[in-house]
Amino acid sequence: MSVTARAALCRLEEIEEGGAREFGPEPGRFLSMFAVRRGDTVVVYEKCCPHLGVPLNWAPDRFLDARRRHILCGTHGALFRVEDGVCVRGPCVGAALTPVPHRVENGVVLVAQEG
Ligand code: FES
């Protein structure tokens with residue numbers, strides 16, 4: 001995934017292993033998003049449910065189901081695969097979270113910069 005203009009979100013180790021963390025918005029830098037870490041890899045999505053366009057989480061940094069296997073929408077309980085953001089259960093099956101272009105460079109998570 002190509003990320004040319006970049007904003008640093010955080011260091012990879014600042015996201016709990018197997019957990020999630022939210023970021024922003026930071027005007028002029030990036031929109032509201034969250035990251036889920038699996039070992040040395042991370043996925044980043046906009047913090048918006050494709051069902052109704054509302055924020056996914058119901059509390060700060062709470063984006064995962066109890067078993068931490070799926071991303072969970074706190075409004076109607078839709079479940080999304082971590083790896084590609086596709087909804088596999090709930091009212092928007094087949095819809096997907098919006099991925100945020102990113103990469104990890106020298107242990108720092110970088111995302112495309114707004115504007
Ligand atoms: S708003 Fe997310 S499942 Fe309905």
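What follows is a quick chat, going from the whole chain to single residues.

Q: What kind of model is it, and how are residues numbered?
A: This is a predicted model: local features need pLDDT of at least 70, side-chain atom pairs count only at pLDDT 80 or more, and totals for chains, interfaces and linings use all residues. Residues are numbered from 1 along each chain as its sequence is written, and side-chain values use heavy atoms, with hydrogens and water left out.

Q: How many helices and strands does the chain have?
A: Zero helices and nine strands. Helices (H or I, at least four residues) and strands (E, at least two) are DSSP runs, numbered from the N terminus. Along the sequence the pattern reads β-β-β-β-β-β-β-β-β.

Q: What is the radius of gyration of the chain?
A: It is 13 Å, which agrees with the value near 13 Å for a compact globule of 115 residues. The radius is taken over C-alpha atoms, and the globule rule is 2.2 Å times the number of residues to the power 0.38. Along the principal axes, the C-alpha atoms fill a box of roughly 35 × 30 × 25 Å.

Q: How much of the chain counts as buried?
A: Of the 115 residues, 40% do. Buried means under 20% relative accessible area, exposed over 50%, and partly exposed in between (1.4 Å probe, protein chains only).

Q: Let's pick a residue. Where is R37?
A: R37 sits in strand β3, residues 33–38.

Q: Buried or exposed?
A: R37 counts as buried, because its relative accessibility is 14%.

Q: So what does R37 touch?
A: Leaving aside neighbours within four places in sequence, R37 is in contact with L12, E13, I15, E16, E17, G18, G19 and V42. A polar atom of the R37 side chain also lies 2.7 Å from the backbone oxygen of G39.

Q: New topic: salt bridges. How many are there in the whole structure?
A: A search finds seven. A salt bridge is a side-chain nitrogen of Lys or Arg within 4 Å of a carboxyl oxygen of Asp or Glu.

Q: Which residue pairs with K47?
A: E22, with the closest N and O atoms 2.8 Å apart. K47 lies in the loop between β4 (41–46) and β5 (70–72) and E22 in strand β2 (residues 20–23), so the pair ties together parts that are 25 residues apart in sequence. K47 counts as buried, at 18% relative accessibility.

Q: Which residues are linked in a network of salt bridges?
A: R6, R103 and E105 are. Between R103 and E105, the closest N and O atoms are 2.8 Å apart.

Q: What about the backbone? Where is a cis peptide bond?
A: One joins G24 and P25, with omega at about 10 degrees. P25 is in the loop between β2 and β3.

Q: Which residues other than glycine have positive phi?
A: Among them are D61, with phi near 65 degrees, and N106, with phi near 50 degrees. D61 is in the loop between β4 and β5. N106 is in the loop between β8 and β9 (108–112). D61 is partly exposed at 35%, whereas N106 counts as exposed at 72%.

Q: Last one: where is P91?
A: P91 is in the loop between β7 (87–89) and β8 (102–105). Leaving aside neighbours within four places in sequence, P91 is in contact with H51, H76 and A78. P91 and H76 are 15 residues apart along the chain, and their C-alpha atoms are separated by 7.6 Å.

Notes. A polar contact is a pair of N or O atoms within 3.5 Å; within protein, one must be able to donate a hydrogen and the other to accept it, and residues adjacent in sequence count only if both atoms are side-chain atoms. Contact means heavy atoms within 4.5 Å.
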